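The stops below go from one selection to the next.

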Amino acid sequence: MRSTSLPWVRIDLHTHSSVSDGTDAPGDVVRAAHAAGLDVVGLTDHDTAGGWPEAVAVALDLGIGLVRGVEISTKHGGRSVHLLAYLPDPGHPGLAEALDSILDGRNARVPGICSRLRDLGIDITAEDVHRAAGPTAAAGRPHVADALVAMGACASRSEAFSRWLNPGRPAYVTRHAVPLEEMLGLVADAGGASVLAHPWGRGGAEVIDLAGFAALRDLGLGGIEVDHEDHDPAARARLRGIADELGLVVTGSSDYHGTGKTDHGLGCNLTEPEEYERLLEVAARSARAAGREVPAVIG
Ligand code: AMP
Ligand code: FE
Ligand code: FE
Ligand code: ZN
């Protein structure tokens, strides 16, 4: 494994490919990460590990570090919470079943969103969405947005979200997610490390407070994604303090989606090498406790 003890090592642990709602194929995410001067990149598609094999092949070819991850859709306190799971075994039966149920819920939701949009006078079908989405495993609102852009109903994904798709907007439909508490257990049992993604982003400021993070840590949470574009400097400072107090790992990442999300360029936020080493140690500890082989980073 590449040494991460050097202070200038550049580590970005949260990206999406076209296997979920990014716009680059998994191998192209890794190529773009390499071109952007990253030493380690995490591929964390929503609810699927389907991009891993292609990303691994390119990472080995280029000699860049690759952390295999999944950003899992969970629910907590009546809200949607994204959990970054690093290095879990996606073949773990409980985890595999949970991810399948979430992907099924994603597909089941698309016709409902289209029906809401038709009620608003927009002539869109689930087929239009799946055509816009291509071969994604994790159909979602970004693909509905892409279909709306393709038919000229709006100019961008973000316009589609603010007009129709965000919570509280007229075409918002919830979908199946697994309770966060349950998912923390599954990820640990599958030998992975759990990090709460952008916990105070998008209107969620302070919904999980110090006591909330402490309770989640006791259920297996290993870290907090502190440096993320959805967090302003004050939120970052407070989250860093909480992580410090609770002994949680601090990560920083781009949440790159290719051209699907502006202001999330590769490397726009980075994870400190020492924090990265701690994160790998969390995964190694879960693997040992579950009687599994310690998972490896590629490269
Ligand atoms: P879904 O997975 O279907 O619930 O959709 C949520 C995804 O939409 C998130 O993972 C984001 O990547 C994306 N998203 C949310 N808001 C926006 C926005 N304003 N512009 C572009 N993408 C967004
Ligand atoms: Fe996304
Ligand atoms: Fe997310
Ligand atoms: Zn993400």
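How do the residues of the shell around ligand 1 divide into nonpolar, polar and charged? Two are nonpolar, five polar and eight charged, where Ala, Val, Leu, Ile, Met, Phe, Trp, Tyr, Cys and Pro count as nonpolar, Asp, Glu, Lys and Arg as charged, and the others, Gly among them, as polar.

Before going on, note that this is a predicted model, in which local features need pLDDT of at least 70, side-chain atom pairs count only at pLDDT 80 or more, and totals for chains, interfaces and linings use all residues. Residues are numbered from 1 along each chain as its sequence is written, chains are lettered from A and ligands numbered from 1 in the order in which they are written, and side-chain values use heavy atoms, with hydrogens and water left out.

**Ligand 1**

Select ligand 1 and its surroundings: 15 residues, each with a heavy atom within 4 Å of the ligand. The closest are His46, Arg106, Arg109, Arg141 and His257.

A polar side-chain atom of Arg109 is 2.4 Å from an oxygen atom of ligand 1. For Arg106, the distance from a side-chain N or O atom to a ligand oxygen is 3.0 Å, and for Arg175 it is 3.1 Å. On its own, ligand 1 has 500 Å² of accessible area, of which the protein covers 89% (Shrake-Rupley method, 1.4 Å probe).

Now colour by secondary structure (DSSP runs; helices are H or I of at least four residues, strands E of at least two). Helix 3 (93-119), helix 5 (141-150) and helix 6 (157-165) each give at least two residues to the shell. Helix 6 has the largest share, with three.

Select ligand 2, an iron ion. Its protein donors (N, O and S atoms within 2.8 Å of the metal) are Asp21 (OD), His46 (NE2) and His257 (NE2), at 2.1 to 2.2 Å. Asp21 sits in the loop between strand 1 (11-15) and helix 1 (26-35), and His46 in strand 2 (residues 40-46), 25 residues apart.

Glu71 (OE), His82 (ND1) and His198 (NE2) are its protein donors, at 2.0 to 2.2 Å. Glu71 is in strand 3 (residues 65-76) and His82 in strand 4 (residues 79-86), so this pair ties together parts 11 residues apart in sequence.

Technical notes:
A polar contact is a pair of N or O atoms within 3.5 Å; within protein, one must be able to donate a hydrogen and the other to accept it, and residues adjacent in sequence count only if both atoms are side-chain atoms. Donors are N, O and S atoms within 2.8 Å of the metal (3.2 Å for Na, K and Ca); water is not among the atoms, so sites may look incomplete.
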